[in-house]
Amino acid sequence: MEDSTNLWVFGYGSLVWKPGFQHGKLLVGYVNGFARRFWQGNETHRGTPGKPGRVATLIEEAKSTTYGVAMELQGEEALDYLNNREMTLGGYIQKITMFHTADDKHPPFPVLVFVATSKSSFWLGPAEPHVIAEQVVTSSGPSGHNVEYVLRLADWFHTALPSVHDEHLFSIEVHVRIKVKERNLCLKTLMGEKEAVVETRVVELDDRSRTAARRRTFAYTCEKKCMKCIKL
């Protein structure tokens, strides 16, 4: 980047919507020679030991282009955080490649990128989109459900880059949404959207009052302490 001497990192997975650290400038764009694939397992954020979730990595593919964001790192703390998040916990390695802005307002500049290879202990490898989606729908970890990881990345894409099509990502997204609907799962819960629980006490009625109330409402039938769930 011509007006910055700081290191920049390329985000192509959860970093695009949940970086987890304070960064400087952010630019939307792409890198060439890499393809995004959900071939990396994760047991620390979107899965658990023995039941990994599926997260994105980049594989080297000469004719491919992968879109994401370039984030300017400020201070050693940001790089330390990323190294721990991506390498120590995630099983990724570092590479340097050239980043191109989507609007072509800046010349290409080098970025740090974290990639996982088949040498990683968390490597799961290729699978059909519906197979990956099945693992996504049944996996969750300390950072949230694996469904959230996939759908928030896809949603970011649809909003930030509506004219760009990512076949691998979008095909998995479709299968995930189908499975969630078929199993009647609560998408808001999977996406980490909380619900507030309000405790309600119902006053006991005597027999005569209860008979009269029956003519007007059926709410009296909850005679004990009830829990009502109000969606926010």
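This is a predicted model: local features need pLDDT of at least 70, side-chain atom pairs count only at pLDDT 80 or more; totals for chains, interfaces and linings use all residues.
## Salt bridges between separate elements

The structure holds nine salt bridges. One of them brings together the side chains of Arg-36 and Asp-166, with an N to O distance of 2.9 Å. Arg-36 lies in strand β2 and Asp-166 in the loop between α3 and α4, so this pair ties together parts that are 130 residues apart in sequence. Arg-36 counts as buried at 2% relative accessibility, and Asp-166 is buried as well, with a relative accessible area of 13%.

A salt bridge also links Arg-37 with Glu-61, and here the closest N and O atoms are 3.8 Å apart. Because Arg-37 lies in strand β2 and Glu-61 in strand β3, the pair ties together parts that are 24 residues apart in sequence. Arg-37 is buried, with a relative accessible area of 19%, while Glu-61, at 30% relative accessibility, counts as partly exposed.

## The largest nonpolar core

The largest nonpolar core comprises 50 residues, of which Phe-10, Phe-21, Phe-38, Phe-99, Val-111, Val-147 and Val-176 touch the most other members. Elements that give two or more residues to this core include the strands β1 (8–11), β2 (23–42), β3 (53–73) and β5 (109–115), together with the helices α1 (76–88), α2 (129–137), α3 and α4 (167–182). Helix α3 gives the most, with eight residues.

Phe-99 can be followed through its individual contacts: leaving aside residues up to four places away in sequence, Phe-99 touches Phe-10, Leu-27, Val-28, Gly-29, Tyr-30, Val-31, Val-69, Ala-70, Pro-108, Phe-109 and Val-111.

## Asn-146 in helix α3

Asn-146 lies in helix α3, which covers residues 146–160. With a relative accessibility of 0%, Asn-146 counts as buried. When residues up to four places away in sequence are not counted, Asn-146 touches Arg-46, Gly-53, Arg-54, Gln-135, Val-136, Ser-139 and Ser-140.

Terms used
Residues are numbered from 1 along each chain as its sequence is written. Side-chain values use heavy atoms; hydrogens and water are left out. Helices (H or I, at least four residues) and strands (E, at least two) are DSSP runs, numbered from the N terminus. Buried means under 20% relative accessible area, exposed over 50%, partly exposed in between (1.4 Å probe, protein chains only). Contact means heavy atoms within 4.5 Å. A nonpolar core is a set of buried Ala, Val, Leu, Ile, Met, Phe, Trp, Tyr and Cys residues joined through side-chain atoms within 4.5 Å. A salt bridge is a side-chain nitrogen of Lys or Arg within 4 Å of a carboxyl oxygen of Asp or Glu.
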